[in-house]
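Subject: Structure for you to look at

Hello,

Here is the structure I promised to pass on. Please open it first, then read the notes below it.

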Amino acid sequence: MALHCTRACRRYLLHLAQDNVEFRLPEIKALLSLRGQPFRPAEDFKEKSPFWLLDSLSEEDVRSIMIRTVCAKSVFELWGHGRTHSELQTSLLRYPPEDMAPFLQQDSTYKINVYTFNKTLEFKDRIKKIDALEFLPFQGKVNLKNPDYIFCLLEDYGTDPNNIPDEPFHVYFGRWIADGQRDLIRSHSVKKRHFIGNTSMDAGLSFIMANHARVKDHDLVFDPFVGTGSLLVACSHFGAYVCGTDIDYNTIHGIGKSSRKNQKWRGPDENIRANLRQYGLEQFYMDVLVSDASKTIWREGKLFDAIVTDPPYGIRESTRRTGSQKEIIKPPEDFCGESHVPVSMAYHLSDIFSDLLKFAARYLVMGGRLVYWLPVYRPEYREEMIPLHPCLTLISNCEQTLSSHTSRRLITMEKTKELEYGAEESHRNLWKGLKDSDDLALLHDSRYCPYQGHNAFREKYFSGITKRNGRDEAKTQMKEDD
């Protein structure tokens with residue numbers, strides 16, 4: 001298990017958090033792709049493991065991951081590993097001494113930490129494990145408060161808390177490089193947010209979405225269902241300029257009833273701009289507009305580097321669009337009366353996702369990404385339910401379980417093909433009903449037909465709650481009868 005590699009290209013140990021497990025691999029792949037690097041795991045790679053071995057990377061590569069990731073805790077330059085401490089010692093003795101030497105000098109200070117996953121060790125046992133590393137040629141002094149270098153012995157006892165072995169399944173030793181950005185989850189918690197709503201996105205998931213979208217400095221990011229702007233906060237944290245739209249006038253303008261406990265009405269400065277100002281990100285705020293996502297307001301062109309959004313599912317927020325249920329009668333040209341304001345109409349989920357993909361295909365730059373949530377009824381889920389478009393390639397599909405019967409899936413797509421326009425069509429009229437060749441593909445290819453089953457998600461969601469409440473009431477009644 002000797003590790004031989006040049007200083008510019010090493011093997012690294014990535015220690016990952018055990019929440020949002022399905023989201024970790026797409027996040028790390030996306031962050032590596034920003035450096036132009038592929039994901040190269042070791043041969044025995046296990047996606048759900050808390051430890052990943054990554055090959056053929058430089059220290060700059062892994063540092064670029066850690067300054068953004070919220071899924072990884074720490075990264076180490078791996079000096080040795082094995083299934084037992086004996087194998088670890090053999091591996092460490094084979095590690096090139098000239099690669100260790102710069103960090104073991106006499107004028108340097110260091111400390112060694114012991115980390116155990118899925119098991120707690122007493123202090124005396126930790127000291128014994130550190131003492132067992134005395135064969136390493138440390139020449140510097142120990143400094144527990146502010147060392148020049150930190151080394152770590154990591155032991156993996158598996159993921160089953162009910163079946164913890166006496167000895168670890170795997171042990172690792174390496175030099176600490178950097179920690180991830182897990183603190184962002186706490187510092188940007190919605191509980192501390194200036195302006196929130198019923199559907200404000202969790203801070204951790206917001207940063208994961210921004211990373212999946214590969215948001216970076218000077219990008220322009222758009223959220224067509226912006227709500228209270230949680231996704232704009234996350235994207236602006238990574239240096240992107242942000243804008244959004246929403247059909248809800250009160251939310252965009254920060255007025256109306258408050259979503260906070262013991263507060264009836266929103267305050268005078270509760271709005272999306274104030275949220276970005278709270279985190280020192282106001283310079284990245286472009287604007288937000290009251291607009292219907294089903295009716296584009298944008299000029300033709302490749303405007304956005306990423307589209308990151310959480311469409312309404314009809315649970316906490318209604319799915320609606322502007323329109324009229326009555327027959328529209330065109331007024332005469334000399335009509336001078338008040339303009340007609342269309343009433344709100346139902347906006348079916350299948351139409352929301354179809355329109356969203358069409359919008360992304362038309363307004364994303366080449367290589368830009370669309371990241372959005374798709375609600376599903378778990379007993380009926382199959383991959384054919386994922387909306388597709390001929391200009392967008394599916395990158396990842398991660399599930400977050402909501403209940404025993406429902407979940408939502410984080411869909412990441414990348415624009416890999418430009419829309420092809422018919423010769424007789426004008427650029428100006430494309431959105432007004434005339435079809436381009438890729439729109440025709442949507443009509444004639446069954447893969448691109450909207451899945452109508454999405455429209456029943458609200459009914460299935462509440463039917464599951466009703467059944468569960470019924471079972472709970474029956475159990476309560478049986479206990480009372482006993």
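S350 sits in helix 11, residues 349-363. Helices here are DSSP runs of H or I with at least four residues, strands are E runs of at least two, and both are numbered from the N terminus. Leaving out residues up to four places away in sequence, S350 touches P450, Y451, Q452, H454 and N455. A contact means heavy atoms within 4.5 Å.

A word on the source. This is a predicted model, where local features need pLDDT of at least 70, side-chain atom pairs count only at pLDDT 80 or more, and totals for chains, interfaces and linings use all residues. Residues are numbered from 1 along each chain as its sequence is written, and side-chain values use heavy atoms, with hydrogens and water left out.

Now the whole chain. The protein chain has 13 helices and 16 strands. It holds 482 residues, and 48% of them count as buried. Take the contacts between residues at least 6 apart in sequence: 73% of these join residues at least 24 apart.

Seven strands form an open sheet in the order 2-1-3-7-6-4-5, with mixed pairing. Strand 2 (51-57) and strand 5 (141-142) are at the edges; each has a single partner strand, so one side of each has no neighbour in the sheet. Two strands pair if DSSP finds at least two bridges between them. Strand 4 (residues 109-117) and strand 6 (residues 149-156) pair in the parallel sense, over eight bridges. V114 stands opposite L153 in strand 6.

Then the cysteines. How many disulfides does a search of the whole structure find? The search finds zero. A disulfide is a covalent bond between the sulfur atoms of two cysteines. The cut-off used here is a pair of cysteine sulfur atoms within 2.5 Å. For C398, the closest cysteine sulfur is in C71, 9.0 Å away, so it is too far for a bond. C398 counts as buried, at 2% relative accessibility. C152 also counts as buried, at 7%.

Last, V290. This residue lies in strand 10, residues 285-290. V290 is partly exposed, with a relative accessible area of 39%.

Best wishes

Conventions. Buried means under 20% relative accessible area, exposed over 50%, partly exposed in between (1.4 Å probe, protein chains only).
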